Amino acid sequence: MGEYSRFIVWDKMDSSIQDQDSKELTSTEFQELKQLARQGYWAKNHSLRAKVYHKLIGNIPCRTVTPDANVYRDIVVKIVGKRSSSTLPLPEFVDDSLVPTYCLNAEGVGAVRKIISCIASQFPDISFCPALPSVVALLLHYSRDEAECFEKVCRILACNDPSKRFIDQTFLAFESSCMTFGDLVNKYCQAAHKLMVAVSEDVLEVYSDWQRWLFGELPMTYIGRVFDVFLVEGYKVLYRVALALLKFFHKGRAGQTMESHNVQQDIRAFVRDIAKSVSPEKLLEKAFAIRLFSRKEIHLLQMANEKALQQKGITVKQKRQNVHLAVHAENFKSEIVDVKKMRDIWSWIPERFALCQPLLVYTTSEHGCSLSRFFSHCEGHEPTLLLIKTTAQEVCGAYLSTDWDERKRGGGKLSFFGTGECFVFRLVPEVERYEWVVIKHPELAMMGPEQGAGTPQAADPSPSSASAPPDPSGRLSPFLSARHFNLPSKAASMFMAGDRECIIIGGGDGQALYIDADLNHGRTAHCNTFNNQPLCSENFQIAVLEVWGFIDTLSS
């Protein structure tokens with residue numbers, strides 16, 4: 001066939017893919033490349049895709065000393081020796097990953113193992129990289145020989161542009177990406193998330209498979225299309241496609257009974273056999289229809305998750321604690337919710353707090369109905385969970401992202417604070433959660449000026465920039481901080497407020513929750529911040545009010 005055919009069994013390849021040289025790609029403009037990649041311009045032409053990959057990967061900014069093809073030729077004999085490449089052991093950092101064959105012939109399958117072994121010798125800092133076998137196997141299709149493939153992969157691994165991110169290379173990065181994916185599912189695939197919580201003992205264990213869906217289970221034709229866009233747009237594309245896969249899985253399983261111990265295998269099988277139900281075009285169409293957070297916000301969320309893991313001492317692979325055990329049946333006591341309802345609430349909170357256990361920090365039954373006592377008990381706790389039971393037996397509440405001590409910054413005046421991670425909810429008579437309005441309607445806000453010129457806008461479904469600049473104080477900017485956005489009015493970010501007279505959750509044309517100084521009476525209405533319906537009777541009397549904090553059992 002052609003110069004890029006050495007490792008391929010063409011009979012197994014998609015018959016529509018041609019090995020010809022009839023097209024060229026002259027564009028270097030990002031927006032045009034992005035559109036061409038999404039449209040699959042080079043997907044059906046093997047030689048053109050090889051040349052495009054060579055160009056895109058060649059333009060990745062790398063460390064000064066990045067191993068190239070000549071390095072591979074120098075070291076491969078020494079590292080592989082006389083061992084058969086087909087039985088060559090893989091380094092521990094690939095974590096027993098699937099080594100997909102992607103229509104490779106026997107020489108190609110052996111070459112994947114040789115290249116990974118040589119990469120391990122040149123990148124001693126890599127400690128966890130389960131996606132690597134898939135990336136090597138894919139790029140081998142578009143390389144003239146093993147050395148060229150080795151150089152391509154090394155350039156991806158050695159990228160030194162802080163605004164670009166390609167492949168996780170440590171367990172900390174991988175695990176925080178799994179938590180971030182879980183947070184995104186919680187925000188953007190709520191029906192699927194509800195199903196996962198219902199049928200799996202540990203939902204984060206399911207979400208930790210997300211990279212395997214892409215780099216392992218997804219057929220060659222599909223991962224090829226994903227990789228086309230990934231090389232142009234970066235890591236965020238992977239989140240998009242994984243969310244789309246979960247949405248399609250949920251749609252296909254709607255109404256069917258699922259056994260909890262099978263859910264991980266069921267999703268893997270669905271992704272493996274995706275060609276039976278979803279075309280590559282439909283998958284990408286669904287992925288790019290998701291109005292995801294900007295790259296900056298995803299970066300901040302990822303950093304927050306990394307920080308939480310570091311504080312818990314989780315930086316290397318270890319047996320995961322069961323998230324459902326965070327709310328222990330034997331020692332959880334609330335006058336408002338039972339263990340099942342508390343676990344339902346726990347499934348809504350950000351992943352970095354999911355392993356924490358609930359700690360009752362204030363209850364009107366024990367501490368009395370006083371706003372000053374409420375503040376004195378709640379200060380120092382971040383985040384907190386507010387639960388209210390009315391005298392009419394209705395139950396509602398709010399997840400509050402920020403320490404109530406922040407109210408003092410208003411200098412005695414009632415002023416709003418908090419972040420877009422806040423949400424309000426009702427549990428009885430029916431369950432409903434209302435998140436920050438900007439999450440579901442990003443068109444309401446454009447990214448703020450602190451990102452600098454040329455950086456992405458929240459309303460753009462595929463921003464082109466990447467991570468946020470570091471805060472000069474060294475403090476991580478909060479995820480979904482209102483100051484990151486150009487909001488049309490303050491009403492879109494009235495998360496929480498309090499003074500000696502009242503506490504307020506949500507504002508703008510009404511308040512989601514207003515509670516008086518005696519913690520005795522309250523009212524609820526639609527508000528612009530959460531676009532919520534009243535959470536209970538519009539004017540209500542409080543029977544019990546509780547505030548729960550989050551205790552980190554792993555690092556305590």
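This is a predicted model: local features need pLDDT of at least 70, side-chain atom pairs count only at pLDDT 80 or more; totals for chains, interfaces and linings use all residues.
1. A search across the whole structure returns 23 salt bridges. As background, side chains that carry opposite charges can pair when their charged atoms come close. The points below take up some of these pairs and then turn to a residue in a loop.

2. Asp-273 and Lys-276. The side chains of these two residues meet in a salt bridge, with a distance of 4.0 Å from N to O. Are the two partners buried or exposed? Asp-273 counts as partly exposed because its relative accessibility is 36%. Lys-276, in turn, counts as exposed, since its relative accessibility is 72%.

3. Lys-408 and Glu-379. A salt bridge joins Lys-408 to Glu-379, and their closest N and O atoms lie 3.3 Å apart. This pair links distant parts of the chain, as the residues are 29 positions apart. Lys-408 belongs to the loop between strand E3 (395-400) and strand E4 (423-428). Glu-379 belongs to the loop between helix H18 (371-378) and strand E2 (384-390). Lys-408 has a relative accessibility of 48% and therefore counts as partly exposed. Glu-379 is also partly exposed, with a relative accessible area of 24%.

4. Lys-408 and Asp-405. Which other salt bridge does Lys-408 form? Lys-408 also pairs with Asp-405, the closest N and O atoms being 2.9 Å apart. The relative accessible area of Asp-405 is 32%, so this residue is partly exposed.

5. Ala-492 and its location. Where is Ala-492 found? Ala-492 lies in the loop between strand E7 (485-486) and strand E8 (496-498).

6. The surroundings of Ala-492. Which residues does Ala-492 contact, once neighbours within four places in sequence are left aside? The contacts are with Trp-436, Leu-487 and Thr-529. A further relation concerns Leu-444, which is 48 residues from Ala-492 in sequence. In space, the C-alpha atoms of Ala-492 and Leu-444 are 8.7 Å apart.

Definitions and conventions:
Residues are numbered from 1 along each chain as its sequence is written. Side-chain values use heavy atoms; hydrogens and water are left out. Buried means under 20% relative accessible area, exposed over 50%, partly exposed in between (1.4 Å probe, protein chains only). Helices (H or I, at least four residues) and strands (E, at least two) are DSSP runs, numbered from the N terminus. Contact means heavy atoms within 4.5 Å.
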